[in-house]
Amino acid sequence: MGRALKYDIPGEDWRRSVDELAGHGWASLFGEPGMPVRPVVEIGFGRGEFLLELAGKHPDQAFVGVEVSFKRVLKMARRLARSGLRNVRLIEGRGQVVLGPACEPASVSEIWINFSDPWPKEKHARRRLFQAPFVADLARVLVASGPLHVATDDASYARQIGALLEAEPGLENRFAPEPYRREVPGRLHTAYEESWREAGRALHFFEYRGAFESRRGALESRRSALESGGGSSGPAR
Ligand SMILES: C[S@@+](CC[C@H](N)C(=O)[O-])C[C@H]1O[C@@H](n2cnc3c(N)ncnc32)[C@H](O)[C@@H]1O
């Protein structure tokens, strides 16, 4: 039997809900309504070491960790309280929901998605986080030139991620013409990444940047042309 979960938070509890975000914006999560807060967001932080280390290195930047597992959010809330960091908020929920309609366009400065579950069986592939509507939301919420970092150890999922990112005209590949790199010097390692490295698995690191704002006009006319059945289906690059 596993150890009993500890529910007490030894300090400030930085957990927030997606309802607080919807309609009020990121600033309300940080107690600064009216102030422009454009956080760095990590989706699926797992044990949270990566987010804690990144936030510790940038104490003046706001960070938001999104994680679907109640247990992982609770454990992270305890670690965060003990860390003394004040620039991180946690939301228990699905990344697709938090970065969906609840999230304003061009309101996130950077996004990290590290080793999201690959669901390798064909019949489970629809459970993968990376689907076209989610990728369109990533492009929509990122500020112009805001970085999007994605990592996976799964070759088939890497092909799917690469195809979806490349097809999204609101994103630009910073590693072009390569779809991804095997190593990115200086990048912090995550807990899962350490295991995959020890097991000798090949890793895939994608890096894109938001281009939606700078191309908003062209993209919106292309999308409305597509919706009305006219226009080219090629990317508006
Ligand atoms: C394979 S683990 C990777 C954890 C961590 N990023 C790392 O690299 O060590 C994937 C994590 O994503 C979380 N997750 C899965 N689907 C999610 C979703 N739709 N939204 C947010 N988190 C999700 C899981 O609960 C799990 O903690």
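Guide: In this predicted model, strand β2, residues 40–43, pairs with strand β5, residues 110–114, in the parallel sense, and four bridges join them. Within that pairing, Val40 stands opposite Glu110 of β5. Helix α4, residues 70–83, packs on the sheet and touches β1, β3 and β4 (88–92). The direction of α4 makes about 165° with that of β4. Helix α7, residues 155–167, also packs on the sheet, where its contacts are with β6 (147–152), β7 and β8 (204–210). The direction of α7 makes about 15° with that of β8.

The pair β2 and β5 belongs to an open sheet of eight strands, whose order is β1-β4-β3-β2-β5-β6-β8-β7. The pairing in this sheet is mixed. Because β1 (15–16) and β7 (171–173) each have a single partner strand, they stand at the edges, and one side of each is left without a neighbour in the sheet. In general, the strands of a sheet pair through backbone hydrogen bonds, in either the parallel or the antiparallel sense. The protein as a whole contains nine helices and eight strands.

Leaving aside neighbours within four places in sequence, Leu138 is in contact with Leu99, Ile111 and Leu148. In soluble globular proteins, nonpolar side chains tend to be buried together. Buried residues account for 34% of the 237 residues in the protein. Of the contacts between residues at least 6 apart in sequence, 75% join residues at least 24 apart.

The ligand is surrounded by 21 residues, the closest being Gly44, Gly46, Gly95, Thr190 and Tyr192. Strand β3 (63–67) supplies at least two residues of this shell, as do helices α5 (95–98) and α8 (191–198). Helix α8 gives the most, with three residues.

In the loop between β7 and α8 lies Pro177, which is joined to Ala176 by a cis peptide bond with omega of about 5°. Ala106, in the loop between α5 and β5, has a positive phi of about 50° although it is not a glycine. With 16 other C-beta atoms within 10 Å, Ala106 is partly exposed. Ser145 lies in the loop between α6 (132–141) and β6; it too is not a glycine, yet its phi is positive, at about 70°. Ser145 has 13 other C-beta atoms within 10 Å and is therefore partly exposed.

Technical notes
Residues are numbered from 1 along each chain as its sequence is written. This is a predicted model: local features need pLDDT of at least 70, side-chain atom pairs count only at pLDDT 80 or more; totals for chains, interfaces and linings use all residues. A residue is near a molecule or strand if its C-beta atom, placed from the backbone, lies within 6 Å of it. Two residues are in contact if their C-beta atoms, placed from the backbone, lie within 7 Å. Two strands pair if DSSP finds at least two bridges between them. Axes are lines fitted to C-alpha atoms, for helices over the stretch in contact, and angles run from 0 to 180 degrees between N-to-C directions. A residue is buried if 20 or more other C-beta atoms lie within 10 Å of its own, exposed if 12 or fewer, and partly exposed in between; C-beta atoms are placed from the backbone.
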